[in-house]
Each structure stands twice: as C-alpha cells, then as structure tokens.
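Dear colleague,

I am handing over the structure below, and after it I set out what was found in it. Please read the notes with the coordinates open beside you.

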Amino acid sequence: FTHSVGDPREPAARGEAGELWIGGPCVGLGYYANPEETARRFLRLGGTDYYRSGDVVREDVNGLLYFQGRADNQVKIRGHRIELEEIDAVVEGVAGVQRAVTVVLHPGEDTELHVAYMGPISREAIAARCRERLPSYMRPSAVVALEALPLNANGKVDRLAAAKRLDQRAKS
C-alpha cells in the first residue's frame, strides 16, 4: 500500500513513487516507551492499522514494488541506522561553518558518507570535530568545501543535487 509523498493520506497511483505503508494483523502496536514516534509512524485508517515505513517505493503494472529511496534522511550503513542531519549538526557546530550537508555516495557494499560545507574553515578542522563527536561508523569518508550548496525551490539544501555534485568531484 503506497501513499503519495506529497499527501500521505492519498494513495499513490500505480507507477508513481509513494511511501510504503504496511498493514495487517502482524503490524506491531508501536515503539516501546516512545509514544511520539508511535504517533508519527503508526496510523489507523479505515479500520486497519498501518506502519509508515519511511521507504519510498514505486509499484509496476504487475504489482511489484521497487525501492526508490527514503522519505526521510535516515540511512543504514553496515548495520547502523544514521540520521544524516545529526552529522550536519556536528559540522555546523564548528565555528565558521555556515551550512553543511551530508550525503551518501555509492549505496551498497562501498557506501560512503561525504560532507559538503560552506565557510572559511579547513577540512582538517571539520574532520577533527567529527572524530571528537561522532562514532566511527558516522564519520564522513570525505569533507569538501564548496562556495555554495545547491538549494531547492524552498531554499533548503538539495541533498540529491549535492550528492550528484560530490560524486562528480570524486570521479574527477
């Protein structure tokens, strides 16, 4: 059961990407001792309980689902769940950093975290801060200074465009 990313109460059309909702008698009751996350992820709709997975999928004409990405910025690397915004916050906590964005390059076996940032500070200072504040599995493989980060129409950093830019730089 997929729902439109733009309007989560509206089912996604076949072929359109949407968030995967899982329903049925085997769906859990919620997160242990975490009512806020339970309220956000578990819904009752039309007499059925659903779990909002956060996975964005597309359904083909045969009913097969194809993973398209995540509705949030959570990634799983080598068994660890990582919120990319946590890494952004550590980097933005370095004096002189104006903005930062963490992206995933090479999803799969060779997955790497890369950070792009704006500000007159050395990459070494940012890498040192990451070593101080982040567990090893959350430390970026590369730290790149950019004059400007790509923005979307709402003025927010465009992670997808940043990932493409960093991937192009890594290949050259």
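Tyr31 counts as partly exposed because its relative accessibility is 33%, on a scale where buried means under 20% relative accessible area, exposed means over 50%, and partly exposed lies in between (1.4 Å probe, protein chains only). This is a predicted model, in which local features need pLDDT of at least 70 and side-chain atom pairs count only at pLDDT 80 or more, while totals for chains, interfaces and linings use all residues. Residues are numbered from 1 along each chain as its sequence is written, and side-chain values use heavy atoms, with hydrogens and water left out.

The aromatic rings

A search of the whole structure finds 3 aromatic pairs, where rings of Phe, Tyr and Trp (its six-membered ring) pair if their centres lie within 6.5 Å, and planes under 30 degrees apart count as stacked, over 60 as edge-to-face and the rest as tilted. In one of these, the ring centres of Tyr31 and Phe42 are 5.7 Å apart and the planes stand at 80 degrees, so the pair is edge-to-face. This pair links distant parts of the chain, since Tyr31 sits in the loop between strand S2 (17-23) and H1, whereas Phe42, 11 residues apart from it, belongs to strand S3 (residues 42-45); helices (H or I, at least four residues) and strands (E, at least two) are DSSP runs, numbered from the N terminus. Phe42 counts as buried because its relative accessibility is 18%. Phe42 also forms an aromatic pair with Tyr51, and this one is tilted, with 5.0 Å from centre to centre and 45 degrees between the planes. Tyr51 has a relative accessibility of 22% and therefore counts as partly exposed.

The pockets

The search ran on a 1 Å grid over the protein atoms alone, where a cavity is a set of points where a 1.4 Å probe fits but cannot get out, a pocket is an open set with protein on both sides within 12 Å along at least five of seven lines, and lining residues have an atom within 4 Å of a point. The second largest pocket holds about 180 Å³ of space, a volume being the space filled by probe spheres set on the points, with grid points joined across faces, edges and corners. Helix H1 (35-41), strand S4 (48-59) and strand S7 (80-83) each supply at least two residues of its lining. By class, that lining divides into 2 nonpolar, 3 polar and 8 charged residues, where Ala, Val, Leu, Ile, Met, Phe, Trp, Tyr, Cys and Pro count as nonpolar, Asp, Glu, Lys and Arg as charged, and the others, Gly among them, as polar.

The largest pocket holds about 1100 Å³ of space, and of its 30 lining residues Gly69, Arg70, Asp72, Asn73 and Val75 lie nearest the centre. At least two lining residues come from each of strand S5 (65-70), strand S6 (74-77), helix H2 (84-92), strand S8 (99-105) and helix H4 (159-171). The lining of the largest pocket has 13 nonpolar, 9 polar and 8 charged residues.

Individual residues

Asp167 is found in helix H4 and counts as buried because its relative accessibility is 19%. Leaving out residues up to four places away in sequence, Asp167 touches Leu105 and His106, contact meaning heavy atoms within 4.5 Å. Thr111, placed in the loop between S8 and strand S9 (112-118), is buried, with a relative accessible area of 9%. Beyond its neighbours within four places in sequence, Thr111 is in contact with Ile77, Arg78, Val104, Leu105 and His106. Glu86, in helix H2, is partly exposed, with a relative accessible area of 44%.

The chain as a whole

The protein chain has 4 helices and 10 strands, which follow the pattern β-β-α-β-β-β-β-β-α-β-β-α-β-α along the sequence. Its C-alpha atoms fill a box of roughly 55 × 40 × 35 Å, taken along the principal axes. Of the 172 residues, 34% are buried.

With best regards
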